Amino acid sequence: NKISMRIMEVVTRSDLGGAQSVVINLSNSLCKYHEVIVVAGTEGGGQMGQLLYDNVKQESVKWLRRSVSLKNDLLSLVCLWRLYHKYQPDVIHLHSSKVGILGRLVFPKSKIVYTVHGFDSIRLAYRKFLPLERFLQNRCKALVGVCQYDKKNLLEEKITHQVGFVYNGIKTVKIDDNLKLPDECLQYEKIILCIARLSKPKRFDLFLEVADLLHQYAFVWIGNQSDVDTCGHKNVFCLGSIPNAGRYNHLADLFFLPTNYEGLPMVILEAMSLGKPVITSNVGGVNEMVISGWNGYALDNVAEQFADKIRLVLNNEDLYAGFSKHSLELFKQKFTVEKMVEEYLLLYNLKSS
């Protein structure tokens with residue numbers, strides 16, 4: 001069990017999003033046998049750091065921000081360069097596009113693995129950065145999407161150098177018997193859960209529309225950072241931002257995520273790890289986790305379609321039991337932390353040799 005590699009995981013923000021969950025899961029697994037240093041910007045409040053094990057070293061770069069600023073970006077480059085010389089890591093794993101750009105400018109390319117967490121955000125929302133991604137594609141030893149869909153789109157956008165994909169992996173969500181939902185939720189026949197920040201791609205408006213079509217069910221949204229206008233919907237409950245919100249799947253009957261674009265959403269994996277059927281928008285790599293007619297449905301963003309399938313799954317016990325079983329099986333087969341760590345270690349070993 002000798003310490004065999006010194007690995008630096010670098011991510012732009014320090015809040016709890018998909019990229020940060022991958023950094024936490026990777027770092028906490030790798031630190032058993034390797035020395036791990038996590039480098040992150042301070043933007044987002046730093047909850048990520050609280051979930052890292054004690055033997056993971058942490059360094060913060062206060063200038064590292066998602067938005068473009070010549071001054072901050074130059075100061076970040078200097079800081080990253082210093083950290084490289086301080087630790088001399090064998091492998092540097094860059095997560096998310098901002099640090100993916102800065103890191104590839106400053107670190108030696110023979111040591112870099114770069115994971116694009118949801119390429120659609122660049123391809124669809126921030127296309128102006130695509131030329132930079134193409135230009136820097138040779139500045140790393142491996143460029144990783146989080147699903148086959150990402151890999152396909154990277155190749156189509158002429159980013160072809162050492163491109164592959166590794167599915168995100170999580171630990172099975174622990175069941176907490178002390179958790180409770182508001183009493184008002186329990187008056188409804190079934191509970192439908194969504195966990196998402198109220199940010200642009202997430203479709204809270206569609207969530208409300210579906211709730212309007214299914215008055216018999218309680219619709220619970222976790223992740224709103226501020227108060228939300230539920231437009232008079234009595235069956236909609238917004239519980240705010242809750243750490244480890246995935247645990248609430250245990251109290252829900254079905255997981256529902258309406259969204260405009262995604263990579264491979266962790267919140268769906270959490271639901272699958274507790275054997276929940278999933279109804280979601282057919283975007284990004286979602287249909288690689290939610291297979292329509294098998295463990296849920298990946299659909300167009302049409303409220304009536306969502307409502308029909310939610311009703312179908314919740315009103316049919318045999319169908320529900322099958323979907324539930326298949327969600328758990330698929331999770332164990334493809335989306336565990338162990339599987340993800342194993343695949344990244346193959347890439348790291350390739351890098352550090």
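Colleague: Which residues does Ser 76 touch, leaving out those up to four places away in sequence?

Modeller: In this predicted model, Ser 76 touches Val 61, Trp 63, Leu 64 and Leu 102, with residues up to four places away in sequence not counted.

Colleague: Where does Ser 76 lie, and is Ser 76 buried or exposed?

Modeller: Ser 76 lies in helix H3, which covers residues 70-87. The relative accessibility of Ser 76 is 0%, so this serine counts as buried.

Colleague: Let us turn to the nonpolar cores. How many residues has the largest one, and which have the most contacts inside it?

Modeller: The largest nonpolar core has 89 residues, and Phe 219, Phe 256 and Ile 310 are those with the most contacts inside it. A second, separate core has 29 residues, including Val 10, Ile 37, Leu 64 and Val 106. Leu 64 is also one of the residues that Ser 76 touches.

Colleague: What does Ile 310 touch, not counting residues up to four places away in sequence?

Modeller: On that basis, Ile 310 touches Ile 192, Val 210, Leu 214, Tyr 217, Leu 254, Phe 256 and Ile 279. In soluble globular proteins, nonpolar side chains tend to be buried together.

Colleague: Which residues cover the two faces of E13?

Modeller: Gly 296 and Ala 298 are on one side, while Tyr 297 and Leu 299 are on the other, and all are buried.

Colleague: What about the loop between E12 and E13; where is Gly 284, and is it buried or exposed?

Modeller: Gly 284 is found in that loop, between strand E12 (278-281) and strand E13 (296-299). With a relative accessible area of 6%, Gly 284 is buried. Leaving out residues up to four places away in sequence, Gly 284 touches Asp 120, Tyr 149, Glu 262 and Gly 263.

Colleague: How many Å separate the C-alpha atoms of Gly 284 and Ala 40?

Modeller: Those C-alpha atoms are separated by 26 Å, and the two residues are 244 residues apart along the chain.

Colleague: On to the loop between E10 and E11. Is Asn 249 buried or exposed, and what is Asn 249 in contact with?

Modeller: Asn 249 is found in that loop and counts as buried, because its relative accessibility is 0%. Neighbours within four places in sequence aside, Asn 249 is in contact with Leu 193, Ile 195, Phe 255, Glu 270, Ala 271, Leu 274 and Lys 276.

Colleague: And Asn 244; what is its phi?

Modeller: Its phi is near 50°, a positive value in a residue other than glycine. Most residues other than glycine have a negative phi. Asn 244 lies in the loop between strand E10 (236-238) and strand E11 (254-257), and at 46% relative accessibility Asn 244 counts as partly exposed.

Colleague: What is the phi of Lys 158, and where does Lys 158 lie?

Modeller: Lys 158 has a positive phi, near 65°. Lys 158 lies in the loop between helix H7 (148-156) and strand E7 (163-165). Its relative accessibility is 59%, so Lys 158 counts as exposed.

Methods. Residues numbered from 1 in each chain as written. Predicted model: local features only at pLDDT ≥ 70, side-chain atom pairs only at ≥ 80, totals over all residues. Heavy atoms only, no water. Helix = DSSP H or I, 4+ residues; strand = E, 2+ residues; numbered from the N terminus. Buried < 20%, exposed > 50% of the residue type's maximum accessible area, 1.4 Å probe, protein only. Contact = heavy atoms within 4.5 Å. Core = buried A, V, L, I, M, F, W, Y, C linked by side-chain atoms within 4.5 Å.
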